[in-house]
Amino acid sequence: MTTGQLLWAGLACCIAALLVQLFPAAAYAMGVDLGATWRLFGFGIFLIAMASLMAAAGGRCGR
């Protein structure tokens with residue numbers, strides 16, 4: 001995946017996890033595991049960090 005795709009996937013994970021935390025009744029009605037939302041948020045942060053590292057490493061290798 002490109003860094004842009006990783007960044008957007010990470011942002012989508014974080015936003016989805018935060019929406020579940022904001023509307024727990026609706027998420028529970030859909031069958032979402034409320035305890036897993038923090039793992040999804042953490043995975044989103046991980047993807048954003050990986051995109052940042054890849055962008056930083058890609059910028060230095062070409063010089």
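Helices (DSSP runs of H or I, at least four residues) and strands (runs of E, at least two) are numbered from the N terminus. This is a predicted model, in which local features need pLDDT of at least 70, side-chain atom pairs count only at pLDDT 80 or more, and totals for chains, interfaces and linings use all residues. Residues are numbered from 1 along each chain as its sequence is written, and side-chain values use heavy atoms, with hydrogens and water left out.

**View 1. The whole chain.**
The chain has three helices and zero strands, in the order α-α-α along the sequence. The chain is more spread out than a compact globule, because its radius of gyration is 15 Å, well over the 11 Å that the globule rule gives for 63 residues (radius taken over C-alpha atoms; rule: 2.2 Å times the number of residues to the power 0.38). Along the principal axes, the C-alpha atoms fill a box of roughly 55 × 15 × 15 Å. Of the 63 residues, 17% are buried (buried is under 20% relative accessible area, exposed over 50%, partly exposed in between, with a 1.4 Å probe and protein chains only). Among the contacts with a separation of 6 or more, 64% are between residues 24 or more positions apart (contact: heavy atoms within 4.5 Å).

M1 sits in the segment before α1. The relative accessible area of M1 is 66%, so M1 is exposed. With neighbours within four places in sequence left aside, M1 is in contact with L6 and M54. A51 is 50 residues from M1 in sequence, yet the C-alpha atoms of the two are 9.4 Å apart.

**View 2. L7 in helix α1.**
L7 belongs to helix α1, which covers residues 3–22. L7 counts as partly exposed because its relative accessibility is 34%. Neighbours within four places in sequence aside, the contacts of L7 are I48 and A51. From L7 to F46 the C-alpha distance is 9.7 Å, over a sequence separation of 39 residues.

**View 3. The nonpolar surface patch.**
L7, W8, L11, I15, L19, L22 and F23 make a nonpolar surface patch of about 740 Å². Patch residues have over 30% relative accessible area and no salt bridge; nonpolar side chains (Val, Leu, Ile, Met, Phe, Trp, Tyr) are joined within 5 Å, like charges within 9 Å. L7, one of the patch residues, lies in helix α1.

**View 4. T37 in helix α3.**
T37 is part of helix α3. T37 is buried because its relative accessible area is 4%. Apart from neighbours within four places in sequence, T37 touches A17, V20, Q21 and V32 by the contact criterion.

**View 5. The W38–F41 aromatic pair.**
A search of the whole structure finds two aromatic pairs (rings of Phe, Tyr and Trp, the last by its six-membered ring, with centres within 6.5 Å; planes under 30 degrees apart are stacked, over 60 edge-to-face, the rest tilted). W38 and F41 form an edge-to-face pair, with 6.0 Å from centre to centre and 80° between the planes. Because W38 and F41 are three residues apart in helix α3 (residues 37–61), about one helical turn separates them. F41 is partly exposed, with a relative accessible area of 24%.

**View 6. The D33–R39 salt bridge.**
One salt bridge is found in a search of the whole structure (side-chain nitrogen of Lys or Arg within 4 Å of a carboxyl oxygen of Asp or Glu). D33 and R39 form this bridge, with 3.9 Å between the closest N and O atoms. R39 counts as exposed, because its relative accessibility is 58%.

**View 7. A49 and A9.**
A49 is located in helix α3. The relative accessible area of A49 is 36%, so A49 is partly exposed. A9 and A49 are 40 residues apart along the chain, and 12 Å separates their C-alpha atoms.

Definitions and conventions: Accessible areas come from the Shrake-Rupley method with a 1.4 Å probe; for residues, only the protein chains shown count as cover.
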